[in-house]
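Thanks for asking me to look this over. Here are a few friendly notes on the aromatic side chains, to read beside the model.

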Amino acid sequence: MTGHLMTIARLEWTAAVRLKWMRLLTIAFALLAVAAAYSAGAANELSGADGFARTTMALVPVVLVLVPLAALVLGVSGQSAEPGSEPFLFSQPIRRSTILGGRWLGECAALTGALAAGLGAGGAVVSFASGADGLLPFAFFVAMAALLAVVFLSIAAAIAAATDRRVVALGAAVFAWFFFVLLYDGAALSAAGWLAGPRGGRVLFGSIFGNPVDLIRVAALSVAGTPNVLGAAGEAWLRFLGGTTTAALAVAGALAAWSVAPLLIGVRLIRSRDL
């Protein structure tokens, strides 16, 4: 089974890296990272850790918008085969879960590699211009961007497994992107404002765990951003969770759940689907 899994993952990785838009995405992230370094002053005015922190602050909003969209499109298009090809593929003596998992692994390798190459270009510019101090937190930010891609590739796998029509799956993927990236925070703020008082604060703090985009934002800015970037709200959130260590463990556990749970749901759906 492992051999079949890795074979499918290798084939999916090959197909993904050959996509023109995937190569353009890598170039786009490289250009954005370099532009962010210069616009933040990291490449010519600041030095060391401050330069990397400013670059991270400039890149976080872009990453939180583009990475989920790219992951959902890649995941749905990869998991949803061309009409008529799925019955043939799934009739082979390979488990359906192996096919889904292999595709997911290949897509993860392709997209995380593109992100590492693109964002790494920005890190190289800052490192060359102002020194390597602060490189480790920036590497953590790149890892968080890659983890965000993994999470949304898992969500894409679940979406693709739920339907046999690629158009429907792409529509659901776009809605998922709209919900997590644009709609969720507004809904959480509205709910917190409606409840008001301590209950509203608890709902707002707890809502962060219901959205992987918010989890990545908080983790990346806390570690790789400028000092005290989250302000009083960040300190209140840490107190709500019981301290820095407890908060770090809670965020790690939530991100692990977001990475695995949608994939398991996809496996269950693909096993029960009539092909």
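1. A residue is called buried here when its relative accessible area is under 20%. Please keep in mind that this is a predicted model. Phe138, at 3% relative accessibility, therefore counts as buried. Phe141 is buried too, with a relative accessible area of 3%.

2. How many aromatic pairs are there? With ring centres required to lie within 6.5 Å, the count comes to six. One of them joins Phe138 and Phe141, whose rings sit 5.8 Å apart centre to centre. Their planes make an angle of 50°, and the pair is classed as tilted.

3. Where do these two residues sit relative to each other? Both belong to helix H6, which covers residues 135-162. Phe138 and Phe141 are three residues apart there, so about one helical turn separates them.

4. Another pair to look at is Phe152 with Phe180. This one is edge-to-face, with 85° between the planes and 5.7 Å from centre to centre. Phe152 lies in helix H6, whereas Phe180 lies in helix H7 (residues 166-195). The pair therefore ties together parts that are 28 residues apart in sequence.

5. Are Phe152 and Phe180 buried or exposed? Phe152 has 0% relative accessibility and counts as buried. Phe180, at 10%, also counts as buried.

6. Finally, which residues do ring pairs link into a cluster? Phe152 and Phe180 belong to it, together with Phe179, Tyr184 and Trp258.

Definitions and conventions. Residues numbered from 1 in each chain as written. Predicted model: local features only at pLDDT ≥ 70, side-chain atom pairs only at ≥ 80, totals over all residues. Heavy atoms only, no water. Phe/Tyr/Trp six-rings, centres within 6.5 Å; stacked < 30°, edge-to-face > 60°. Helix = DSSP H or I, 4+ residues; strand = E, 2+ residues; numbered from the N terminus. Buried < 20%, exposed > 50% of the residue type's maximum accessible area, 1.4 Å probe, protein only.
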